[in-house]
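The following note comments on a protein model and is written for a reader who is new to structural work. Please keep the sequence and the model in view while reading the numbered points.

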Amino acid sequence: MPKIEVVGDRAFQDCAQLASIIFPSCVTRIGKQSFLGTTSLQFIRCESTTIPTLGEDAFPNKSVPLYVPEESLKLYQGANGWCEFL
């Protein structure tokens, strides 16, 4: 089974019914505006201990809860784009 490593630019743009996102540890990059218009989003979980690169405005709504591996929390807190969630 192929592994998804990159979420493309605007991949889920305007998916208004998308309720949650779980990124497996193999995801290395999330493209720009990938989740623009995802108005029903309840939470985001990123399972990677290596922080995926974020494109510009990948997640416009930073008020959604973000769950990350406990051992990587400080890395996410200091990373561009991700730190705005925590």
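**Notes on the predicted model**

1. The largest nonpolar core has 18 residues, and those that touch the most other members are Ile21, Phe23, Ile30, Phe35, Ile44, Phe59 and Trp82. Two strands, β2 (20-23) and β4 (43-46), each supply at least two residues of this core. Please note that the model is a predicted one.

2. Not counting residues up to four places away in sequence, tryptophan 82 touches Ile30, Cys46, Ile51, Pro52, Leu54, Phe59, Leu66 and Tyr76.

3. Strands β2 and β4 run parallel and are joined by four bridges. Within this pair, isoleucine 22 stands opposite arginine 45, a residue of β4.

4. A further open sheet has three strands in the order β1-β3-β5, again with parallel pairing. The edge positions belong to β1 (6-7) and β5 (53-54); each has a single partner strand, so one side of each is left without a neighbour in the sheet. Strand β1 is joined to β3 (residues 29-30) by two bridges, and the two strands run parallel. Valine 6 has arginine 29, in β3, as its bridge partner.

5. Which residues line the largest pocket? The lining consists of Ile4, Val7, Phe12, Leu18, Ser20, Ile21, Ile22, Phe23, Pro24, Val27 and Phe35. The volume of this pocket is about 160 Å³. Strand β2 contributes four residues, the largest share of the lining. By class, ten lining residues are nonpolar and one is polar, while no charged residue is present.

6. Leucine 75 belongs to helix α1 (residues 73-77). Leucine 75 and isoleucine 51 are 24 residues apart in sequence, yet their C-alpha atoms are 7.5 Å apart in space. Not counting residues up to four places away in sequence, leucine 75 touches Thr49 and Ile51.

7. Two residues call for a comment on backbone angles. Arginine 10 has a positive phi of about 60° although it is not a glycine. Arginine 10 is located in the loop between β1 and β2. Is this residue buried, partly exposed or exposed? With a relative accessibility of 39%, arginine 10 counts as partly exposed, because that class lies between the cut-offs of under 20% for buried and over 50% for exposed.

8. Aspartate 57 lies in the loop between β5 and β6. Its relative accessible area is 40%, so aspartate 57 is partly exposed.

Technical notes: Residues numbered from 1 in each chain as written. Predicted model: local features only at pLDDT ≥ 70, side-chain atom pairs only at ≥ 80, totals over all residues. Heavy atoms only, no water. Core = buried A, V, L, I, M, F, W, Y, C linked by side-chain atoms within 4.5 Å. Buried < 20%, exposed > 50% of the residue type's maximum accessible area, 1.4 Å probe, protein only. Contact = heavy atoms within 4.5 Å. Pairing = 2+ DSSP bridges. 1 Å grid on protein atoms, 1.4 Å probe; cavity = no way out; pocket = protein on both sides within 12 Å on 5 of 7 lines; lining within 4 Å. Points joined across faces, edges and corners; volume = space filled by probe spheres on them. Nonpolar A, V, L, I, M, F, W, Y, C, P; charged D, E, K, R; others polar.
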